Amino acid sequence: MSLDTLAPARASAPPALDTAPEPAFAPAGRPDAALLAHITRTLAATAAEHDASASFPHANFELLRRHGLPGLVVPRELGGAGGRLAEARELVAAVARGEPATALVLVMQLLLTRLLSQPDCRWPAALRERVLRSAVREGALGNQLRVEPELGSPARGGLPGTVARHTPDGWRLSGHKLYTTGIDGLRWLVVWGRTDEAEPRVGQFLVPADAPGLRVQRSWNHLGMRATASDEVLLDEVPIPLDHAVDLRAPGEWITRPDPEQQAWMNVLLGTLYDAVARNARDWLLDFLRRRVPSSLGAPLASLPRVQEAVGEIELLLLASQAQLDAATAAADAGRPWPVADSGLLKVAVTRNAIAVAELALRQSGNHGLDRANPLQRYHRDVLCGRVHTPQEDSALVAAGRIAMQPAAAG
């Protein structure tokens, strides 16, 4: 994709997944095992195609909308299913087993709608309800746009280069955002920026994805997670109403302790996504080892003790990830989320395990695993992307190490 190609933020409406006379959306509900299995199978059927072409999987989201799943964690009083982390995790795992780029966009949706569902949300009530109801009624997707070419990730500090200029009619927003995951399917953009005031305030601006002055720069051409449409967004005097500055604060007010519950949701869901891809790698390898019968051996590779040992190592890694994800999920749903530093370590550990599983599978399968005709190389490319999500490994380890070295409390 050319770096200088400009395109409207909203793509034309994609064709429906099939021609069955189903409603455009369904009331939000908690999916059962049969529906989750159907989602996995359906998404897996086109996953290789979307990876090869780096095309956004519109049909996948039509399927999720038909079952009301973008509104899974929206409160019941707003029409959502009020899903807990356990239900969100089951859904993300099922989607990721089918097509992980779809799962990453879904994770961003679940995190945003859960954030807006909290009693202490600082957004204007009417706008918060509008976004949440659109997720339930229309399957509208949203994401937060934070990373910039100069700033990098705001998690590491610094003022955003995106500036909101106050006008008699509202705000005019100008800036440049990177890695806007899911941009081709988004309805709502929550843009991180600062005001042009003498003493600038920093915060979030709600921007409809079809706002005038907003353009997408097609630059996403990564090794993995290729179908996420994580392109760049250019904002040129984008007009928004005054009340769409949904949470502005003095810069120092943003230097607060992260919410342990929101961090738990983020790290569990991201960990679940990449763990699911690693399980795909394990399953492909097992099938390969059972079927592959070298003429020099006269028996399946699965019969070799050294191969069985390697598979046992994979099982160890996956069991460790499952146990950690299960524990963190149960704690969060019981109202006792892990401390933020521990939650960050969870994300690091599960990501490391997922990458190790894929690499072990490649080691056992040799050239077959690297062949583009087989999905293992795709699983490997996708799990590598787990490293780049906040918290990144160095930040998580430094935070945990700093806490560990603090003097023990007296008494």
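Me: In which loop is the place of Ala229?
Reply: This is a predicted model in which local features need pLDDT of at least 70, side-chain atom pairs count only at pLDDT 80 or more, and totals for chains, interfaces and linings use all residues. Residues are numbered from 1 along each chain as its sequence is written, and side-chain values use heavy atoms, with hydrogens and water left out. Helices (H or I, at least four residues) and strands (E, at least two) are DSSP runs numbered from the N terminus. Ala229 lies in the loop between strand S7 (214–217) and strand S8 (231–240).

Me: Is Ala229 buried or exposed?
Reply: Buried means under 20% relative accessible area, exposed over 50%, and partly exposed in between (1.4 Å probe, protein chains only). Ala229, not a glycine, has a positive phi of about 50 degrees. Because its relative accessibility is 7%, Ala229 counts as buried.

Me: Where is Pro391 found?
Reply: The peptide bond from Thr390 to Pro391 is cis, with omega near -5 degrees. Most peptide bonds are trans. Pro391 is found in the loop between helix H10 (376–384) and helix H11 (393–404).
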